[in-house]
Amino acid sequence: MIHDVISWTKKILSRGDFVETEPSDPPPPDSKIIPDFGAAWANAIAKAKAKIASFTLEEKVNVSTGVGWMNGRCVGNTPAIPSQDFPGLCLEDSPVGVRDTDFATVFPAGINAASTFNRDLIRQRGLAMGQEFKGKGVNIALGPMMNLGRVPQGGRNWEGFGADPFLAGEAAFETILGLQQGGVQACAKHYVNNEQEQFRTTESSDVDDRTQHEIYTLPFLRSVMAGVASIMCSYNQINGTYACENDKTLNDVLKREIGFQGFVMSDWSATHSTLSVMDGLDMTMPGDIFFGSGTSYFGQTLVDYVRNGSIPESRVDDMATRILAGWYLLKQDNGSYPAVNFNAFMPVDPATNDRVDVQDDHYKIVRKMGAASTVLLKNKNNALPLNKPRSILLAGSDAGPAPGGPNQFSDQGGNAGILALGWGSGTANFTYLVSPLEAIQARARKDHTTVNWILEDFNLQTAGNLAIQAEVAMVFINSDSGEGYIAVDNNLGDRKNLTAWHGGDDLVLAVAAQNNNTVVVVHSVGPMIMEPWIDHPNVTAVVWGGIAGTETGNALVDVLYGVWNPSGRLPYTIARNLSDYGAQLVTEGSGIVQIPYTDALNIDYRHFDANNIEPRFEFGFGLSYTSFKYSSLQITRVMTKADPALRAAWDASKPSPNGEGSSAAIWLHQPAFCVSFKLTNVGDVYGGDIPQVYVNHPKSAGEPPALLKGFTNIQLQPGETQTVTITLSMFDLSIWDVKSQSWIRPKGTIGVTVGPSSRKHKLKGTIPH
């Protein structure tokens, strides 16, 4: 690690803030350095073109066509071409670890990664995951997922990085750099507007151009800047055209405007026609039109379309080149890349499962991220951290292990015991899962604390009676969701509501009625309404654990006992009522269901701010066991190597260039302004804070009141002060101008607020003009 920092320091000093490099050697996290993968892509593309020069038309088509559902060892496979020394590709879920196998780590979900607001931890998670995918012989890891939590009940929100496009973009950026440093090709998904599970294959997300650019496309832009090898198009329609044959979103925005050089694959069975290749689709997965159909829109059908002149062979060349370029970019052609050593569809077959253990010591990053992602929402009378309490009660099924173990339900499609993942294809099999009951008992042995528990959610009388005897009564509740092909308790992927499962509200009230030191621990895939009990005088603390993977119990204990001072922040808003959110789940309709994005730019906290709605807990909120003071704000211009004419035009609010790669242009993303301030730990214990920078555009810009555009994580000893610097680019301060189809600086004064959440503004300033 020290060598890497020294190496990158030399690169920075010699070449500035945009540095040429390869996926195997990304810049350090939070370094403000923009990696330039241009030369690496050019070299990979040149090799790919040379490779396919001798391919027949059929061979080139085979590169882009999956072998069909369950016809290979991975969830997605392209065929080997022995005559061309090409082994084919293995594509495998998921965004939390290698799915459908054993001896692999289940990492904290994307939503927990986002809750850390910690680029270094997110990078470490991505790197460890990338190493595991490579160790299993996977070429393309089907993640990260970066759909936004537009609808708080959205079933797959937990796979992504929260409800803010900037936060999601930064988390995606670091995850992809880590994954590809580990040697596997990353796949950014689902492009785009796949914001609910119900009707996901039969709905049209109707989104205006400005909203699309500023909100939903932004995380994919950052993914491309991270050098992502592939992008998966989604099931839904976008403005009346399916995402996997949408010329506007694929060819114009993604490939031209953002300059994506990798390949676009379909979600599984999301290909709708052979002519989709002309609209930007490069690979069809899993290959057949529907599972087991034996037919394909690609394969021989695509060959026929080329031979009859409907599709030019040059387009097939482009598809094969893009796919093979990813293979070369990650150096998977060097002969030492592991072969697939598991069988996703026959996991108990000894002939096709080598039982390769890829876990290494990755439990350490899982536990650390689990603690760092835990959000302390309430802490009355310093109820936490615990200090050798005399006795503890644990109440609720979420405190203990599932009766049938951590893999009791296929694809986690059930809810029993501790919740550490949602359900669906975004899951993986646990090697083990540490529950809070196990972890707290282990700590209790050291402290000589008496521990009692009741894991029956509806036995309220017994829970209340046991609570009377405890010095601390801890109630564990959860809320679950997942992918729409599985329904759990009539939740069709998306949650029916935002209340606690298994009568959790009643359990909290029953325990709090009998114990004046009741601590509530929540494991949830997303926001949960807590109004029935949050203001109860006997509820002294609330700990938000999210879904933290295999070390869930140990990570929680680290926070409860002060081994880790909580620094997690909410990556979404927790409302007082479901109706307070700006976008609601659509549950009725027939044919192609229209879902108008009338909330436009006002997603999540932006809606609450714009409409003066008081949330229960705002975006970015989180408490600590210590306190911090903000002071001495300064905002200055940064000298850049950008073309002075481009910067002058931007300063004058004139349209910027709109050509190939214009949205990812170097000059637009270089640091342009420096926000600096002092942060002091004014409490009594060591701890970390997450300073957040919000941009406040003039009213004439038509933007929400505050937009997250910067954050970092700082750890300080009691009494220690540190000067914090966060840079803003011209892109960070721009809005999408529909008329000129370019990024521009809005006219007027641009304000800046700095603080620990979206509503706690400790410092205010303006951008120099």
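# Close-up views of a predicted model

Figure 1. A disulfide is taken here as a pair of cysteine sulfur atoms within 2.5 Å.

**Figure 2. The disulfide between Cys-74 and Cys-90.** A disulfide is a covalent bond between the sulfur atoms of two cysteines. When the whole structure is searched, two disulfides are found, and one of them joins Cys-74 to Cys-90 with an S to S distance of 2.0 Å. The torsion about the S-S bond of this pair is about -100°, and the disulfide is therefore left-handed. Cys-74 is placed in the loop between α3 (57-64) and β3 (76-78), whereas Cys-90 belongs to strand β4 (residues 89-92), so the bond ties together parts that are 16 residues apart in sequence. Cys-74 is buried, its relative accessible area being 1%, and Cys-90, also listed at 1% relative accessibility, counts as buried.

**Figure 3. The disulfide between Cys-233 and Cys-244.** In this view the sulfur atoms of Cys-233 and Cys-244 are 2.0 Å apart and form a disulfide. The torsion about the S-S bond is 110°, and the link of Cys-233 and Cys-244 is right-handed. Cys-233 sits in strand β8 (residues 230-233), while Cys-244 is found in the loop between β10 (241-242) and α9 (247-257), the two cysteines being eleven residues apart. Both Cys-233 and Cys-244 are buried. If the bonded cysteines are counted along the chain, the disulfides follow the pattern 1-2, 3-4.

Figure 4. Most peptide bonds are trans. The peptide bond that joins Lys-189 and His-190, however, is cis, with omega at about -5°, and His-190 is part of strand β6 (residues 185-191). A cis peptide bond also joins Leu-384 and Pro-385, where omega is about 5°. Pro-385 is located in the loop between β12 (375-379) and β13 (391-395).

Figure 5. Most residues other than glycine have a negative phi. His-502, although it is not a glycine, has a positive phi of about 55°, and this residue is placed in the loop between β15 (472-479) and α15 (504-512). At 25% relative accessibility, His-502 counts as partly exposed. Ala-600 likewise has a positive phi, near 50°, and is found in the loop between β18 (593-596) and α17 (605-610). The relative accessible area of Ala-600 is 22%, and this residue is partly exposed.

Figure 6. Two or more lining residues come from each of the elements β2 (34-36), α5 (119-135), α6 (165-181), α8 (218-225), β23 (707-711) and β25 (721-729). Strand β25 gives the largest share of the lining, with eight residues. By residue type, the lining divides into 19 nonpolar, ten polar and nine charged residues. Because domain 1 (18-330) and domain 3 (626-766) both give residues to the lining, the largest pocket lies between them.

**Figure 7. The contact between domain 1 and domain 2.** The domain assignment of the chain gives domain 1 (18-330), domain 2 (362-572) and domain 3 (626-766). The C-alpha centres of domain 1 and domain 2 lie 34 Å apart, and where these two domains meet, 45 residues of domain 1 are in contact with 44 residues of domain 2.

Methods: Residues numbered from 1 in each chain as written. Predicted model: local features only at pLDDT ≥ 70, side-chain atom pairs only at ≥ 80, totals over all residues. Heavy atoms only, no water. Helix = DSSP H or I, 4+ residues; strand = E, 2+ residues; numbered from the N terminus. Nonpolar A, V, L, I, M, F, W, Y, C, P; charged D, E, K, R; others polar. Domains from an automatic or database assignment. Buried < 20%, exposed > 50% of the residue type's maximum accessible area, 1.4 Å probe, protein only. Contact = heavy atoms within 4.5 Å.
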